[in-house]
Amino acid sequence: MLILGIESSCDETAASVVKDCRTICSSVISTQIEEHKKYGGVVPEIASRRHCENILGVVRKALGDADVTLADLDGIAVTYAPGLIGALLVGVSFAKALAMSCGKPLVPVHHLAGHIAANYLTHPQLEPPYLCLIASGGHSHIVEVLDYTKFRVVGRTRDDAAGECFDKCARAMGFPYPGGVHIDKASAEGDPKAFKLPHPAVAGNEFDFSFSGLKTNVINTLHNAEQKGIELNRSDLAASLQYTIAGILTDKTMAAAEALGYKKIALAGGVAANSGVRAALSAACQKRGFEFYMPEKPLCGDNGAMIACQGSYNFLAGITADESLNAMATLSMEDI
Ligand code: KG4
Ligand code: ZN
């Protein structure tokens, strides 16, 4: 079975061909980071325009690198939600036209389900059910992966996502966009206990997250130091922030695993590339005797292979779309 996956939900235009659910035949990613960097964040209209310009070339290269033609495909999978609406619409319109023109099934994929699926590409033995922490630029979720295509969200962020917290604090510290990876690099030189940062309390669901208080605390720390003319050690602040975010994500995930009886844990999303988060969650799982899975680093950020992989499982489950498929900026994983 060969599935083409197309991803355009944010600032990466990506396409990939995946064979039999788990083997990557090709993976092409055209990133727009350099362009958005000038503005300190993603400019939605620019993102849509770049997807429009790049998508045909990216898909053509993905097919060529895999040495397949459209006729060889069993289906065309595309991210239809959630994400920047103008960006999603480019991928959805393109995939729809391609599927209709070559008479292949169109397979809709939820972006976060795609992030989870990155784990199947890295770990051939991983099968549901398990509990997954998804931390990306737009979302922080704890999800029960009941089956390849069935999910239950047990915790979510009330405000900022973990990646957003990394990026906004990084910006205040003077790092370029996207700042998460710069915090990660600077942390290697810093003392994670140098600054005591808050673990924000969340009333109600104990598995929900809140990162806006932590972000404000870091920004205030920087402003106060600036007003007093004190030069803060940026590496120490970065290391303290990373240590705190990793601690919050790990504590909540372990609490949810223990409460719900999961002994198999996975990590997914762009923030899954963070060395502090990977180490903290891995150590917490090891301590409890839990199995732990995370995607290899290149598969943590947005890519087409994760969409093709999840698209393969959707296709096998009979989840296909007709020509009325639309993009959605927001959509819960439970409503797929
Ligand atoms: O999943 P993703 O590629 O896009 C979304 O679906 O949002 O996640 C992007 C996020 C950004 O916030 C980026 O700064 C963060 O993942 N990120 C990292 C690292 N690499 C990417 N955050 C911390 N440490 C990293 N090494
Ligand atoms: Zn993503």
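## Basis of the model

The model is predicted: local features need pLDDT of at least 70, side-chain atom pairs count only at pLDDT 80 or more, and totals for chains, interfaces and linings use all residues. Residues are numbered from 1 along each chain as its sequence is written, chains are lettered from A and ligands numbered from 1 in the order in which they are written, and side-chain values use heavy atoms, with hydrogens and water left out.

Helices (H or I, at least four residues) and strands (E, at least two) are DSSP runs, numbered from the N terminus. Buried means under 20% relative accessible area, exposed means over 50%, and partly exposed lies in between (1.4 Å probe, protein chains only).

## Backbone exceptions

Most peptide bonds are trans, and most residues other than glycine have a negative phi. Where does the chain carry a cis bond? A cis peptide bond joins A81 and P82, with omega at about -15 degrees. P82 sits in the loop between strand 4 (75–81) and helix 3 (85–102). The bond from P128 to P129 is also cis. Its omega is near 5 degrees. P129 belongs to the loop between helix 4 (111–122) and strand 6 (130–135).

Two residues other than glycine have a positive phi. C21 has a phi near 75 degrees. C21 lies in the loop between strand 2 (12–19) and strand 3 (23–31). At 7% relative accessibility, C21 is buried. D67 has a phi of about 60 degrees. D67 is found in the loop between helix 2 (44–66) and strand 4. D67 is exposed, at 69% relative accessibility.

## Helix 8

Helix 8 covers residues 234–260, 27 residues in total. Of the 27 residues, 20 are buried, so helix 8 is largely enclosed by the rest of the structure.

N233 caps the N-terminal end: a side-chain oxygen lies 2.9 Å from the backbone nitrogen of S235. After helix 8 comes G261, with a positive phi near 80 degrees.

## The shell around ligand 1

Ligand 1 has 18 residues around it. A residue belongs here if one of its heavy atoms lies within 4 Å of the ligand. Which residues come nearest? They are H115, G137, D167, D184 and N274. The shell divides into 5 nonpolar, 10 polar and 3 charged residues. Ala, Val, Leu, Ile, Met, Phe, Trp, Tyr, Cys and Pro count as nonpolar, Asp, Glu, Lys and Arg as charged, and the others, Gly among them, as polar. Domain 1 (2–116 + 299–335) and domain 2 (128–297) each give at least three residues to the shell. The domain bounds come from an automatic or database domain assignment.

Polar contacts are pairs of N or O atoms within 3.5 Å; within protein, one must be able to donate a hydrogen and the other to accept it, and residues adjacent in sequence count only if both atoms are side-chain atoms. A side-chain N or O atom of H111 is 3.1 Å from an oxygen atom of ligand 1. A polar backbone atom of G180 is 3.3 Å from a nitrogen atom of the ligand. A backbone N or O atom of G270 lies 3.0 Å from a ligand oxygen. Taken alone, ligand 1 exposes 550 Å², and the protein buries 85% of that (Shrake-Rupley method, 1.4 Å probe). Helix 4, helix 5 (162–172) and helix 6 (180–187) each give two or more residues to the shell.

C169 is in helix 5. C169 is buried, at 0% relative accessibility. G213 is in helix 7 (residues 212–227). G213 is partly exposed at 34%. G213 and C165 are 48 residues apart along the chain, and their C-alpha atoms are separated by 9.5 Å.

H141 lies in strand 7 (residues 140–147). H141 is buried, at 9%. H141 and F209 are 68 residues apart in sequence but 8.2 Å apart in space, C-alpha to C-alpha.

Note on methods:
Expected span 1.5 Å × (residues − 1).
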